[in-house]
Amino acid sequence: WLSALESTKGLQHLSVMLKAAVLVSSAVDREGRPVLVHCSDGWDRTPQIVALAKILLDPYYRTMEGFQVLVESDWLDFGHKFGDRCGHQEKVEDQNEQCPVFLQWLDAVHQLLKQFPCLFEFNDLSLVR
């Protein structure tokens, strides 16, 4: 089971995503530098990193209301392709379009919750919901 998990490279991607969010938040908060995040086509990795950095930087996004605002602004309003990425459309023309990007981001939020539970107004059950 562990070798199958390792072969997905999911944990490696999770680590890279969290490191990128820490790098962004550190540049903004500690160094006072503006940051531009643009990953390949901009649809997938960009909201993952930016939304995680917002959670790290602003305690508002660690409240129930703030988390809802974050999902709406950085995922829904941003135009994330939920149907393509989750494979929920009737005719999936390109299997390569499928990737659980939003679920990967929720996993990263889960990791932050586990490390810093007192800094969040919500818990794992909220993420599942």
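# Close-up views of a predicted helical chain

**Figure 1. Leu57 lies in helix α3, in a predicted model.** With a relative accessibility of 35%, Leu57 counts as partly exposed (buried is under 20% relative accessible area, exposed over 50%, partly exposed in between, with a 1.4 Å probe and protein chains only). Residues are numbered from 1 along each chain as its sequence is written. In this predicted model, local features need pLDDT of at least 70 and side-chain atom pairs count only at pLDDT 80 or more, while totals for chains, interfaces and linings use all residues; side-chain values use heavy atoms, with hydrogens and water left out.

**Figure 2. Val35 belongs to the loop between α2 and α3.** Because its relative accessible area is 38%, Val35 is partly exposed. Beyond its neighbours within four places in sequence, Val35 is in contact (heavy atoms within 4.5 Å) with Val24, Ala27 and Val28. Val35 and Leu23 stand 12 residues apart in sequence, and their C-alpha atoms are 9.8 Å apart in space.

**Figure 3. Cys39 carries the UniProt annotation "active site", taken from an unreviewed entry.** UniProt positions follow the numbering used here, feature names are shortened, and annotations may be inferred rather than shown by experiment. Cys39 sits in the loop that runs between α2 (10–29) and α3 (45–57). Its relative accessibility is 17%, so Cys39 counts as buried. Apart from neighbours within four places in sequence, Cys39 contacts Arg45, Thr46 and Ile49.

**Figure 4. A UniProt "binding site" annotation (unreviewed entry) covers Cys39, Ser40, Asp41, Gly42, Trp43, Asp44 and Arg45.** Arg45 has its place in helix α3. Arg45 is partly exposed, because its relative accessible area is 26%.

**Figure 5. The largest nonpolar core contains 23 residues.** Such a core is a set of buried Ala, Val, Leu, Ile, Met, Phe, Trp, Tyr and Cys residues joined through side-chain atoms within 4.5 Å. The residues with the most contacts inside this core are Leu52, Ile55, Phe67, Trp105, Val109, Phe122 and Leu127. Two or more residues come from each of α2, α3, α4 (64–76) and α6 (101–115). The greatest contribution is that of α6, with 8 residues. Another core, of 6 residues, lies apart from it and includes Val24, Cys39, Ile49 and Ala53.

**Figure 6. Phe122 touches Tyr61, Arg62, Thr63, Met64, Phe67, Val109, Leu113 and Leu127.** This list leaves out residues up to four places away from Phe122 in sequence.

**Figure 7. The protein chain has 7 helices and 0 strands.** Helices (H or I, at least four residues) and strands (E, at least two) are DSSP runs, numbered from the N terminus. Of the 129 residues in the protein chain, 35% are buried. Among contacts in the protein chain with a separation of 6 or more, 60% join residues 24 or more positions apart. The accessible surface of the protein chain (Shrake-Rupley method, 1.4 Å probe; for residues, only the protein chains shown count as cover) comes to about 8500 Å², and 56% of it belongs to carbon and sulfur atoms.
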